Amino acid sequence: MSNQLQNTIKKISLYLILVIAAIIVIYPIWTAITISLLDDKQVAQYPPQLYPTHLNLDNFRRALEQAPLLRYLFNSMMQSSLVMIGQLFTACLAAYAFAFIDFKWRNVLFLTFLATLMIPWEATIIPNYLLIKSVKWDNTFQGLALPFIATGFGTFLLRQFFLKIPKELHDAAIMDGCGHLCFLTTIVIPLARPALGTLAVYSFLQTYNQYLWPLLITSDESMRTVQIGIALLQDEERFMFNTVMAGVVFVLLPTFFLFIFSNRQLIRGLTAGAVKG
Amino acid sequence: MTHVTNSLQERQPDNYFYRLIHLSNIQKREFRKFIIALLFLSPSLIIFIVFVFIPLFRTVYLSTFLTNPLGKPVSFVGLEQYRRLFATPVFLNSLQRSLLFVAYTVPSTIVVSLGLALLGNLRLKGIAVFRMFFSLTIAVSAATSSLIFLYLFHPALGSLNYLLSLIGLQAVPWLVNVNTALPAIAIASVWLQIGLNTVILLAAMQGISEELYESAMIDGANYWQQFRNITIPMLSSAFFFLIVVDILAAFQTFTQIHVMTSGGPVNSTNVLVFSIYREFYFNGQYGFAAAQAVMLFLIMLGLTIFQFGILERQVFYD
């Protein structure tokens, strides 16, 4: 009996710790949502309002009216989709070669791919900026997306998955007169759907959340991405925190949905590469 | 002529000519395979060459020149930019700021995430919801989190100082003071990194064999002993991975600085990448910025080699 009581107490205290930890982790997000729902008087009061009192969507209306957030969102979606499709295409082909074709210099080339992971993007950003400027691709979607459509990480991730596909399948397909491209499209890609899904979500998230590159090469307001767009909201004095936070919530919503729906797959795929790789 | 060689082959398989032709057939097949592989690799390779490898060399090249305001190299100055790096306070300050930032963020991120992962690994009803909360920051961008923390840190309106006052602590000047600005940005960065770190540690914990704990329990080991002698050693490869990823991320921090402090107050948050950005984008000092970028690359390269060469040997792989 006392043992059972002890267990119950232990359980309750564990839940208590879990809830406190969750509140601390979630607090910044909670704050963003709260502030985005406050009116101008509430947001300027002291002590600060810690929770919303009513569903007041004025700030969202104001943010959408005064900054072209929908246009920014469209730009971000375009950039992210282009990068995602590009990475899936290039990484699939490269990972296939590394996993199924036994060719000379394979290790050297594979190391070359891995080496790109160790070169910080910031170390190459000046020449890239000058290059994109010189071909007048600043303020274009190709300028936003093209430098990122190859991925050492994605190639590595897919290769690890492809290696699990039995070699006999490959040999049998080749015997049947199904060439490399045919084998890739009819067998490998359908089997590797989970890994492709992981890469798709990951590259989309990464690109959608990019900051430095779009900051450098988009000077036209009509080509800005959401991340730059809302960061600039804060610079303008006419916007109060509640309007800025409405913008923040607006920008966060797509990635939250993506994250909630793909949570399991994203995490399983990424950790399989990181922990066991 | 071909006819003659063919008939020679048939009669004498050990013939020199036969071996030569045979060998070249293997080579031909190898060559064909190589070409096919190259075709599969070429989309990636072209992008890497154009946007990674050539720019890396061009960064080095630029760093030996003075440029005009548009970034065109004008006069060769050799290692002058590098001498300037170490003779003026700009780079040394940024380097120090970046190293401090690594020291602030990396250990605390890993410790906090380890705590969260341990909590998330409990066998309780509804634990999946908590895991989701703990990994949520994966979906948050640096820009949005910076804006949120800009509010939280606000001296008059922000709720962080108010919450501190509730538990009897003094208000902190956060982003406006030379001594607290970098730690404040570190807090925002740690929060952003927690999601990925927790997810990786949680996955590694779930990969530890149950039998290890069972036999430890039979031997009478308590929770703390199990944690020290089983969990921590079995997580070493995950720790190793996270240390690499977190250090690289800390060195590459830019967005938080750009949104929250623009390098101030008095350059106290002017970390390396921000300094590179400021020197070439605002001051038009392409050569000087390129020299800083080369240093950034060398530091990261050195760290990676060090980590893989020395740290990895001490990692326990299961």
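This is a predicted model: local features need pLDDT of at least 70, side-chain atom pairs count only at pLDDT 80 or more; totals for chains, interfaces and linings use all residues.

User: Switching to helices. At what angle do α4(A) and α11(A) cross?

Analyst: Roughly 140°. Here α4 is residues 69–100 of chain A and α11 is residues 193–208 of chain A, and the axes come within 8 Å. Angles over 145 degrees would count as roughly antiparallel. The pair α4(A) and α11(A) is therefore oblique.

User: Which hand is the crossing of α4(A) past α11(A), left or right?

Analyst: α4(A) passes α11(A) in a right-handed crossing.

User: Which residues of α4(A) and α11(A) meet?

Analyst: From α4(A), they include A:Leu73, A:Met77, A:Val83, A:Met84, A:Leu88 and A:Cys92. From α11(A), they include A:Leu196, A:Leu199, A:Phe204 and A:Tyr208. By class, this contact of α4(A) with α11(A) has 12 nonpolar, seven polar and no charged residues.

User: How do α4(A) and α10(A) pack?

Analyst: α4(A) and α10(A), residues 180–191 of chain A, pack at about 100° with axes 11 Å apart. The two helices are therefore roughly perpendicular. On the α4(A) side the contact uses A:Cys92, A:Leu93, A:Tyr96 and A:Phe100. On the α10(A) side there are A:His180, A:Leu181, A:Phe183, A:Leu184, A:Val188 and A:Ile189. The classes in the contact of α4(A) with α10(A) are nine nonpolar, one polar and no charged.

User: Now across the chains. What is the packing angle of α1(A) and α5(B)?

Analyst: About 30°, with the axes 9 Å apart. The crossing of α1(A) past α5(B) is left-handed.

User: What makes that contact of α1(A) and α5(B)?

Analyst: α1(A) brings A:Tyr15, A:Leu18, A:Val19, A:Ala21, A:Ala22, A:Val25 and A:Ile26. α5(B) brings B:Ile127, B:Phe130, B:Phe133 and B:Phe134. The contact of α1(A) with α5(B) has 11 nonpolar, no polar and no charged residues.

User: Different topic. How many disulfides are there over all chains?

Analyst: One disulfide over all chains. A:Cys178 and A:Cys182 form a disulfide, with sulfur atoms 1.9 Å apart. The S-S torsion of A:Cys178 and A:Cys182 is about -105°, so the disulfide is left-handed.

User: Which peptide bonds are cis?

Analyst: A:Tyr46 and A:Pro47 are joined by a cis peptide bond, omega about -5°. A:Pro47 sits in the loop between α2 (40–43) and α3 (58–66) of chain A. In chain B, the bond from B:Gly264 to B:Pro265 is cis, with omega near -15°. B:Pro265 lies in the loop between α12 (255–260) and α13 (272–282) of chain B.

User: And what phi does A:Trp105 have?

Analyst: A positive one, about 65°, although A:Trp105 is not a glycine. Most residues other than glycine have a negative phi. A:Trp105 is found in the loop between α4 and α5 (106–118) of chain A.

Note on methods. Residues are numbered from 1 along each chain as its sequence is written. Chains are lettered from A and ligands numbered from 1 in the order in which they are written. Side-chain values use heavy atoms; hydrogens and water are left out. Axes are lines fitted to C-alpha atoms, for helices over the stretch in contact, and angles run from 0 to 180 degrees between N-to-C directions. Helices (H or I, at least four residues) and strands (E, at least two) are DSSP runs, numbered from the N terminus. Angles under 35 degrees count as roughly parallel, over 145 as roughly antiparallel, 65 to 115 as roughly perpendicular and the rest as oblique. A crossing is left-handed if the near helix is turned anticlockwise from the far one by less than a right angle, and right-handed if clockwise. Contact means heavy atoms within 4.5 Å. Ala, Val, Leu, Ile, Met, Phe, Trp, Tyr, Cys and Pro count as nonpolar, Asp, Glu, Lys and Arg as charged, and the others, Gly among them, as polar. A disulfide is a pair of cysteine sulfur atoms within 2.5 Å.
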